[in-house]
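Dear colleague,

Here is the structure that I promised to pass on, with my notes below it. Please look through it before you read on.

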Amino acid sequence: MRYKFHDFDFMKWSKPLMAISIVLVLLGVLSLSIFGLNYGIDFQSGTSVDISVTKPVDDAKVKQFLADENLGDHTTTVAAERISVRFKHALTEADQAKLETDFKKQFDDKASFEKNIVDVDIAKEQQVNALRGILIASLGIIIYIAIRFEWRYAIASVLALLYDAFIVITLFSIFRLEVNLPFIVAVLTIIGYSINDTVVIFDRIRENMRFAKVKSEADLAKVVNDSILQTLTRSINTVLTVAFAALCLYIFGSESIKMFSLAMIFGLISGAYSSIFIASPLWFWMKRRAKPNKPVKAQTAP
């Protein structure tokens, strides 16, 4: 599929859009400092109870039943054949047994229960491991881009992908969406897609720089803008294809994969944006400040 953007000047819009991006980052920092993240059972201590039912149950009645059980703060998600309950505190074996017995008496005697308990130490360890995974992925990308291209490409790429990860985290904080292990997998996947889009543009910039006669800042901006235009169709088609698949997973997938799908949708949109309006302009601003190579003086014969 072809898209008509041949007259659009991406570099002209880079400064105002970069300013908007900075504002979004500041709002994200404010949101995270005030609201924090809505951690799921994977990252905070508590008990996760997944109930598979063999017949439909009323959402309101289930929530009222759980309130009457007096088992502490919890969140409940009721689907057609599955009920997921996340308790913020670890339930004792007696509480778990009572919950299962009472539920079967009132709703479905053939229901099956799956219980998982995460203590404080395991929750903290998983938070650290998740952050470590993102940092290691970023470091690996810096090394790869620096070897394949140069350090300016590496810095611009990593800043763009960190922006993508941060925006997704911010949206989950603002809308109080649950952060769990599938969410971390989604963030790492987003980093992969984002760097892929950026590398495609950077590869075209490097190729065009070999043949372009760059004598001014305007010439350099034109090289960047032309490179974006030449790769834009490929970038849009990739994003639309993967976003459509992620949307289908969100609509038709199980509850356990919904947050993964939603994070992917947010990240794909942000990744396409950051490759064009963050990574490419950052490289341009660093490159234009670079000192030109000094001409080699011809040596005279003795």
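Which helix gives the most residues to the lining of the second largest pocket? Before the reply, two remarks on the basis of these notes. This is a predicted model, in which local features need pLDDT of at least 70 and side-chain atom pairs count only at pLDDT 80 or more, while totals for chains, interfaces and linings use all residues. Residues are numbered from 1 along each chain as its sequence is written, and side-chain values use heavy atoms, with hydrogens and water left out.

It is helix 4 that gives the most, with 5 residues; helices (H or I, at least four residues) and strands (E, at least two) are DSSP runs numbered from the N terminus. A pocket here is an open set of points on a 1 Å grid over the protein atoms alone, where a 1.4 Å probe fits, with protein on both sides within 12 Å along at least five of seven lines, and its lining residues have an atom within 4 Å of a point. The volume of the second largest pocket is about 380 Å³, a volume being the space filled by probe spheres set on the points, which are joined across faces, edges and corners. It is lined by 16 residues, and Leu37, Leu131, Ile134, Ile169 and Ile184 are the closest to its centre. Helix 4 (120-148), helix 5 and helix 6 (181-211) are the elements that give two or more residues to this lining, which divides into 15 nonpolar, 1 polar and no charged residues. In this count Ala, Val, Leu, Ile, Met, Phe, Trp, Tyr, Cys and Pro are nonpolar, Asp, Glu, Lys and Arg are charged, and the others, Gly among them, are polar.

The largest pocket holds about 810 Å³ of space, and its lining of 31 residues has Thr77, Ser84, Arg86, Glu178 and Asn180 nearest the centre. By class that lining has 10 nonpolar, 12 polar and 9 charged residues, and its largest share, 5 residues, comes from helix 8.

Among the elements that supply at least two residues to the lining of the largest pocket is strand 2. Strand 2 (residues 46-52) is largely enclosed by the rest of the structure, because 6 of its 7 residues are buried, where buried means under 20% relative accessible area, exposed over 50% and partly exposed in between (1.4 Å probe, protein chains only). Strand 2 runs antiparallel to strand 5 (residues 112-118), to which 7 bridges join it, with Ser48 and Asn116 as bridge partners; two strands pair if DSSP finds at least two bridges between them. Strand 2 is also paired in the antiparallel sense with strand 4 (residues 82-87) over 6 bridges, and there Asp50 stands opposite Ser84.

Asn70, in the loop between helix 2 (59-69) and strand 3 (74-78), has a positive phi near 55 degrees and is exposed, at a relative accessible area of 66%. Arg176, in the loop between helix 5 (151-174) and strand 6 (178-179), has a positive phi of about 55 degrees and is partly exposed, at 35%. Most residues other than glycine have a negative phi.

Lastly, helix 7 (residues 217-252) has a kink of about 45 degrees centred on Thr231, the bend at a residue being the angle between axes fitted to the seven residues ending there and the seven starting there.

With best wishes
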